[in-house]
Amino acid sequence: MNIIVCLKQILDPEVPARDFRIDAEKKEAVRGTANLVTNIFCENALETALQLREKTGGRITALVFAPESGEDALRKALAMKADEAVLVINDGHPHPDPLAVAHVLAAAISKIGVFDLVMVGRESGDWGVGQTGGLLAEELGVPCISFVDNLENGTDGLIVTRQTDNGWEKARSTTPLVVTITNNEYNVPRIPKTRDIMMSARQPITRLTLDEIGVDAASIRAGGNYYEIVDISIPVKEVTCEFVTGDSLDERVDQFAKRIIEVTQAL
Amino acid sequence: MDILIISFSNSDYDRAAQGVAGAGRNLATVLGGRLRAVVIGPGNAAMNSRLAAVADEVIVADQAELAEYQPEIFLQALTSICRDAAPAAVLFGNDTYSQELAPRLAHRLSGSAAGDGIELAVDNGAIRVRRSVYGGKAVATIELKRSPAVLWLRARAFEPAPEKDSATAAITRPAVDLSMRAPTQIIERKSEGAGEARLEDARVIISGGRGLGGPEPFADLQDVAGLIGAQLAASRAACDSGWCPPSWQVGQTGKKVAPGLYIAVAIRGASQHMAGISDARVIAAINIDADAPIFKHCRFGIVEDYKNVIPLLKEKLAALQR
Ligand SMILES: Cc1cc2nc3c(=O)[nH]c(=O)nc-3n(C[C@H](O)[C@H](O)[C@H](O)COP(=O)(O)OP(=O)(O)OC[C@H]3O[C@@H](n4cnc5c(N)ncnc54)[C@H](O)[C@@H]3O)c2cc1C
Ligand SMILES: Nc1ncnc2c1ncn2[C@@H]1O[C@H](COP(=O)(O)O)[C@@H](O)[C@H]1O
């Protein structure tokens, strides 16, 4: 099984709200001292891919579209034991729209060659777009199943389990296929071993430019023509919390209970 | 230009569907077009007639191939219906199926999609949508550059559509060629807690986080929930630990809930969690750490180990309810 896992590098989403600033001019978050990290759902996707490879064999290629900094995301993927790493260099708009991204990923995947499965995260932790998987499937002309949390090899095709609003669905699918991966208790990303981290530093990374993969590089560099961010702001919404008071725990819990009843009875 | 709203017939004309219809009606009025409702899936006459009371036309896609949700076939059907209707916008709710299909539908219609919208506007003829970004820490306005705009909406953020005074809408049934061989086939489905009220509709929610330390305390939270008619929910950290099913997750990538009261127990209050409860009326918290960000959103709270609070709270609530 040839698996391609698409990884997005994002501003650390754990930056506390009190340290979060935006650049209204550039219409993006100010990086400040925050790290760039791999989007958590991409790591869930890579973890799911690694577990599938343990059962079925095959190769995993990690694919990142980012500036040079994207190398870090690929080194981490190699340390987690992806087989190959491909970086498509973004030397244009820092946040191209989702169709531009899907277009680039599709072109890179065609360049990489045959694949059975493309795995992406259900959504990214910065812009939370949640579209790349679906658009990529359309660009590649293959089916797509979203919110997947498990894949197995069945007798005639893949058996894919995905989460729904109140439970789950199982699908049988032919390959090639695109899936978007969501989190569950079994795909929490593994921590790479120190030895593998050291080894990953020496592994090769394939670098591709926009001009090499056969896309309209000028349009991608400009950010695409699907949609545009016209405004960004930080909502002001602070409530003052009334901490229950009292001399004893009993008194405080009593007050807490009374507040609960007060609110529920008014509903 | 007309506006299409899409409803899946396996649900009801619930608050989410009403919000989508409301958003659609406003947009149709601004753009001077009709509001046309599409109901897709097995026949649901009740839903058709509820929509006929608020929309100008109801397009029912209930042919045999659509008897149960299959992504590729539903996508094909919607593509065909939308191509014929040539709308300015296609609006969905933010359920699983909608989120799965909307971007692909946009691609097939050469339009643009954007999701989790909380406000819609028209500026110089272009459709704009507001949504939260950066894990709920900021809000952005996005302008769709291609038509139609295919949007999925945080439906409860929109007022329900008003009923029309005039006659109810005509119901049409287009014939769509769905004789394709689908490469993927859903072969089994399971709903957990079927019959229970949906979390999205809960009036009171008690939610547990990583600070609970294991699955057992959820049973104690269930006792508290029973006393005040609450439903249980959880943070991503608690779900990822396997302490409760994934469908309990509330947040940016979980359920978006809007209860009158949300009680967060041992939940830090990360922005991604708060993104799921921005529509809650009152938030209360039990947390051992007075500096936990959750308290910045709370109307009232108690700083204490939950282990000391819950048993007493059960007693007190039981006594007060008597
Ligand atoms: C892209 C993305 C999407 C995400 N989507 C979601 C989402 O949909 N929903 C979601 O919840 N998270 C989501 N997250 C994760 C989120 O950022 C947080 O990591 C998560 O919400 C933390 O869960 P928690 O508060 O339960 O755990 P922690 O952050 O570990 O907090 C535990 C809290 O419990 C308190 N505590 C500990 N012991 C006790 C005790 N004995 N008594 C009382 N209090 C105690 C602590 O003081 C602390 O405040 C997402 C993250 C990303 C990057
Ligand atoms: N620049 C990128 N490079 C590689 N993969 C990406 C990129 N952008 C998005 N993706 C993939 O698409 C998923 C969903 O992202 P989004 O649609 O932006 O929310 C991510 O989790 C990644 O798997």
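B:Pro148 of chain B lies in the loop between β8 (138-144) and β9 (149-153), and a cis peptide bond with omega of about 5° joins B:Ser147 to B:Pro148. The model is predicted, so local features need pLDDT of at least 70 and side-chain atom pairs count only at pLDDT 80 or more, whereas totals for chains, interfaces and linings use all residues. Residues are numbered from 1 along each chain as its sequence is written, chains are lettered from A and ligands numbered from 1 in the order in which they are written, and side-chain values use heavy atoms, with hydrogens and water left out. Helices (H or I, at least four residues) and strands (E, at least two) are DSSP runs numbered from the N terminus.

**Chain A: overall form**

- Chain A contains seven helices and 15 strands.
- Its C-alpha atoms fill a box of roughly 70 × 50 × 40 Å, taken along the principal axes.
- Of the 267 residues of chain A, 52% count as buried, where buried means under 20% relative accessible area, exposed over 50% and partly exposed in between (1.4 Å probe, protein chains only).
- Among the contacts in chain A with a separation of 6 or more, 73% are between residues 24 or more positions apart; contact means heavy atoms within 4.5 Å.
- The domain assignment of chain A gives domain 1 (2-219) and domain 2 (237-267), with bounds that come from an automatic or database domain assignment.
- The centres of domain 1 of chain A and domain 2 of chain A, taken over C-alpha atoms, are separated by 45 Å.

**Chain A: local features**

- Helix α2 (residues 71-79) of chain A has A:Ala73, A:Leu74, A:Arg75, A:Ala77, A:Leu78 and A:Ala79 buried.
- An α-helix has 3.6 residues a turn, so residues three or four places apart point the same way.
- Just after α2(A), A:Lys81 takes a positive phi of about 95°.
- A cis peptide bond with omega of about 0° joins A:Thr175 and A:Pro176, and A:Pro176 is found in the loop between β11 (167-173) and β12 (177-181) of chain A.

**Interface of chain A and chain B**

- In this interface, 89 residues of chain A are in contact with 89 residues of chain B.
- The size of an interface is often given as the accessible area lost when the parts come together.
- About 7,600 Å² is buried between chain A and chain B, and carbon and sulfur atoms give 58% of that area; buried area is the accessible area (1.4 Å probe) that two parts lose on being put together, summed over both.
- The rule finds 10 salt bridges across the interface of chain A and chain B, a salt bridge being a side-chain nitrogen of Lys or Arg within 4 Å of a carboxyl oxygen of Asp or Glu.
- A:Glu14 forms a salt bridge with B:Arg268, and their closest N and O atoms are 3.7 Å apart.
- Between chain A and chain B, 44 residue pairs are in polar contact (both at pLDDT 80 or more). A polar contact is a pair of N or O atoms within 3.5 Å; within protein, one must be able to donate a hydrogen and the other to accept it, and residues adjacent in sequence count only if both atoms are side-chain atoms.
- Helix α7 (residues 249-265) of chain A gives the largest share of the side of chain A that touches chain B, with 14 residues.
- By class, the side of chain A that touches chain B has 44 nonpolar, 22 polar and 23 charged residues. Ala, Val, Leu, Ile, Met, Phe, Trp, Tyr, Cys and Pro count as nonpolar, Asp, Glu, Lys and Arg as charged, and the others, Gly among them, as polar.

**Chain B: positive phi values**

- B:Asp116, in strand β5 (residues 112-117) of chain B, has a positive phi near 60° in a residue other than glycine.
- B:Asp116 is buried, with a relative accessible area of 11%.
- B:Tyr134, in the loop between β7 (126-133) and β8 of chain B, has a positive phi near 50°, again in a residue other than glycine.
- B:Tyr134 counts as buried at 7% relative accessibility.

**Chain B: domains**

- Chain B is divided into domain 1 (3-172) and domain 2 (199-320), and 32 Å separate their centres, taken over C-alpha atoms.
- The contact takes eight residues from domain 1 of chain B and 10 residues from domain 2 of chain B.
- These two domains of chain B bury about 720 Å² between them, 45% of it on carbon and sulfur atoms.
- B:Gly135, B:Arg154 and B:Arg156 supply 69% of the area that domain 1 of chain B buries against domain 2 of chain B, more than any other three residues.
- The rule finds one salt bridge across this domain interface of chain B; B:Asp201 forms a salt bridge with B:Arg156, with the closest N and O atoms 3.1 Å apart.
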